[in-house]
Amino acid sequence: MKSITVYKVLVLSIVLVPLLATVLAISLLWERAVHWLDLVLLATMYALTILGIGVGFHRMLTHRSFRAHPVVSFVLLVLGSMSVEGPALEWAATHIKHHAHADREGDPHSPLEGFFHAHIGWLFAGKADSNVYCRHLVKEPLVVFVSRTFLLWVALGLIIPFVLGGWSGLLWGGLVRIFLAHHVTWSVNSICHTFGKREFETGDQSRNEWIVGLLSFGEGWHNNHHAFPRSAFHGLHWWQVDCSGYIIWTLERIGLIRDVYRVSPALMARRAARKAGGVLATPVLLEEGVQKATETPLPLRSSTSQRFLPDYHMYTERMDTDQVAQQKEA
Ligand SMILES: [Zn+2]
Ligand SMILES: [Zn+2]
């Protein structure tokens, strides 16, 4: 009980301190001009840590959209950690849980439980267990190392702007940057499951919202992402700006990452046709009184191809199956 209280106080301070720091930053702005260095530190640190989340934690670690050189993996995981959105393993577990139960009972942050809950409230509801949702990652030494040394990278993300820009550098490149990146990431969970357009039928409420797409460097094309979770590119049309996708493309070109997973135009057309054909899944509403998902492993299923694999493993298995199907098609 005590540890739950400590955890809640910790989450609250992580949410509130950057917010209060932003208020302080604004008052300082009115007292004297903000230096160019502060804005450069804010923009650079924001870009790097948002890429750490989008390219590192999300597309590389959670969805295995590509394989990276170990040094690139390490740098991406460290940058993601600097965003102060929890250790890599915990982040991946929560996100796999989200995809496995998207907008159904067990989804950690569905807006069907309220917009505030989807944006921030879910942070107070406890953590997803990485031993349940991403057992395959618990065995990866690099991922475990960066996760265990999480606080070191958080500190580094504050020390760097402090060394380069002093106290105002720490304020803008550290705390204001964390505040902005937090709300942009959380907007993918709240806004992109509430507002925006749906190009593909996905059986959940995911949507493409261009403002979040721009601010999050591509993560806001969230309906595309739920339709093709393993795709390294979330922007699927030329006009869907996806900065994370451009970085992945560049890193692939210079040989630092490989096995980049792409969605073929034929597969896209087939998924789009499914919606046009009127096959719309009914979202399963979260009913009050239904028992919340527990952190215990899901029941085992047995079938010829998916024998003895729990649901969450079937989810990651399915991403592999999609890839095989697409390769056959190509
Ligand atoms: Zn989602
Ligand atoms: Zn995802």
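A nonpolar core is taken here as a set of buried Ala, Val, Leu, Ile, Met, Phe, Trp, Tyr and Cys residues joined through C-beta atoms within 7 Å. A residue is buried if 20 or more other C-beta atoms lie within 10 Å of its own, exposed if 12 or fewer, and partly exposed in between, with C-beta atoms placed from the backbone. The structure is a predicted model, in which local features need pLDDT of at least 70 and side-chain atom pairs count only at pLDDT 80 or more, while totals for chains, interfaces and linings use all residues. Residues are numbered from 1 along each chain as its sequence is written, and chains are lettered from A and ligands numbered from 1 in the order in which they are written.

The protein contains 14 helices and four strands; helices (H or I, at least four residues) and strands (E, at least two) are DSSP runs, numbered from the N terminus. Of its 330 residues, 42% are buried. Two residues are in contact if their C-beta atoms, placed from the backbone, lie within 7 Å. Among contacts between residues at least 6 apart in sequence, 69% join residues at least 24 apart.

The largest nonpolar core comprises 56 residues, and Leu61, Ala88 and Ala92 have the most contacts inside it. At least two core residues come from each of H2 (36–62), H3 (70–82), H4 (88–100), H8 (141–148), H9 (150–190) and H10 (210–215). The largest contribution, 12 residues, is that of H9. Leaving aside residues up to four places away in sequence, Ala88 touches Phe57, Leu61, Leu77, Gly80, Ser81, Val143, Val146 and Ser147.

Two helix pairs involving H9 were examined. Axes are lines fitted to C-alpha atoms, for helices over the stretch in contact, and angles run from 0 to 180 degrees between N-to-C directions. Angles under 35 degrees count as roughly parallel, over 145 as roughly antiparallel, 65 to 115 as roughly perpendicular and the rest as oblique. The axes of H2 and H9 come within 8 Å and cross at roughly 50°, so H2 is oblique to H9. This crossing of H2 and H9 is right-handed; a crossing is left-handed if the near helix is turned anticlockwise from the far one by less than a right angle, and right-handed if clockwise. The H2–H9 contact has 15 nonpolar, seven polar and two charged residues, where Ala, Val, Leu, Ile, Met, Phe, Trp, Tyr, Cys and Pro count as nonpolar, Asp, Glu, Lys and Arg as charged, and the others, Gly among them, as polar.

For H3 and H9, the axes come within 8 Å and cross at roughly 75°; the two helices are therefore roughly perpendicular. Val78, Ser81 and Met82 of H3 meet Phe150, Trp153, Val154, Leu156 and Gly157 of H9. By class, this contact has six nonpolar, two polar and no charged residues.

Most residues other than glycine have a negative phi. Val84, in the loop between H3 and H4, has a positive phi near 60° and is buried, with 23 other C-beta atoms within 10 Å. Asp103 lies in the loop between H4 and H5 (115–119); its phi is positive, near 60°, and Asp103 is buried, with 23 C-beta neighbours inside 10 Å.

Leu251 lies in H12 (residues 243–253) and is partly exposed because 19 C-beta neighbours fall inside 10 Å. Beyond residues up to four places away in sequence, Leu251 touches Val72, Leu256 and Ile257. Leu251 and Val72 are 179 residues apart along the chain, with their C-alpha atoms separated by 9.3 Å.
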